[in-house]
Amino acid sequence: MSIGEIEINEKIFKKIMIFFIVLIFLFAGILLIQYSVLRPYHFGNGTRADEGGEIVKGVVVGQGNRMIEITGYAYKKGQKIERFNSDFVLKNIESGKMYKLQTTMEKNHNLMEVDGLYDCSNAGMKAKAFIMGLKGGIYEICIVYNNDGEDIFTQTGVMVEVK
């Protein structure tokens with residue numbers, strides 16, 4: 001008997017296919033939730049504050065009842081960006097607790113020639129996260145600037161209210 005001669009039970013085949021399709025959707029849902037959940041953030045040993053204004057930044061916020069979307073950019077004066085590794089952080093004004101958002105790089109072609117010398121097109125940032133379950137209050141959007149081995153925490157002055 002060859003493989004081409006094997007008879008397949010149609011009902012069992014359909015049940016198996018439905019099971020695997022449900023499994024794929026479940027796995028995709030878990031990945032989406034894991035990517036979009038806020039994680040507590042604490043300063044690292046080498047993290048320093050941007051007190052001299054060396055980080056140039058801009059932030060735009062879109063907020064709904066369940067999600068927040070933040071886009072913006074951050075670059076250090078006098079440097080181009082080779083490796084992107086920065087994140088947005090929500091800092092509760094009252095308690096000081098901070099939550100890190102999963103942030104991805106978004107090319108910003110307006111920053112191709114900063115000061116006519118530096119290519120900071122990798123400075124663009126985008127984050128989207130669920131805010132359900134986050135304690136209500138006023139949060140400041142901050143940036144943890146880790147591009148090219150730096151470790152700088154900078155405040156943007158942009159506030160959002162979580163209800």
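1. The model is predicted: local features need pLDDT of at least 70, side-chain atom pairs count only at pLDDT 80 or more, and totals for chains, interfaces and linings use all residues. Residues are numbered from 1 along each chain as its sequence is written, and side-chain values use heavy atoms, with hydrogens and water left out.

2. An open sheet contains 4 strands in the order 3-4-8-7, paired in the antiparallel sense. Strands are DSSP runs of E of at least two residues, numbered from the N terminus, and two of them pair if DSSP finds at least two bridges between them. Strand 3 (55-63) and strand 7 (103-105) are the edge strands, each pairing on one side only. From one strand to the next, the twist averages 20° (axes are lines fitted to C-alpha atoms, and angles run from 0 to 180 degrees between N-to-C directions).

3. The antiparallel pairing of strand 3 with strand 4 extends over 9 bridges. Opposite Gln63 stands Ile68, in strand 4.

4. The largest nonpolar core has 28 residues, and Ile70, Phe88, Leu90, Leu101 and Leu134 have the most contacts inside it. Such a core is a set of buried Ala, Val, Leu, Ile, Met, Phe, Trp, Tyr and Cys residues joined through side-chain atoms within 4.5 Å. At least two residues of this core come from each of strand 3, strand 4, strand 5, strand 8 (124-130), strand 9 (137-145) and strand 10 (152-162). A second, separate core of 6 residues includes Val89, Cys142, Val144 and Phe153.

5. Thr103 is located in strand 7. Thr103 counts as buried because its relative accessibility is 11% (buried means under 20% relative accessible area, exposed over 50%, partly exposed in between, with a 1.4 Å probe and protein chains only). The side chain of Thr103 reaches the backbone nitrogen of Phe88 at 3.0 Å, and a polar atom of that side chain lies 3.0 Å from the backbone oxygen of Leu101. Beyond its neighbours within four places in sequence, Thr103 is in contact (heavy atoms within 4.5 Å) with residues including Phe84, Ser86 and Met125.

6. Glu82 lies in the loop between strand 4 (67-76) and strand 5 (87-92). Glu82 counts as exposed because its relative accessibility is 52%. Not counting residues up to four places away in sequence, Glu82 touches Asn122 and Asp148. Glu82 and Ala123 are 41 residues apart in sequence and 9.5 Å apart in space, C-alpha to C-alpha.

Definitions and conventions
A polar contact is a pair of N or O atoms within 3.5 Å; within protein, one must be able to donate a hydrogen and the other to accept it, and residues adjacent in sequence count only if both atoms are side-chain atoms.
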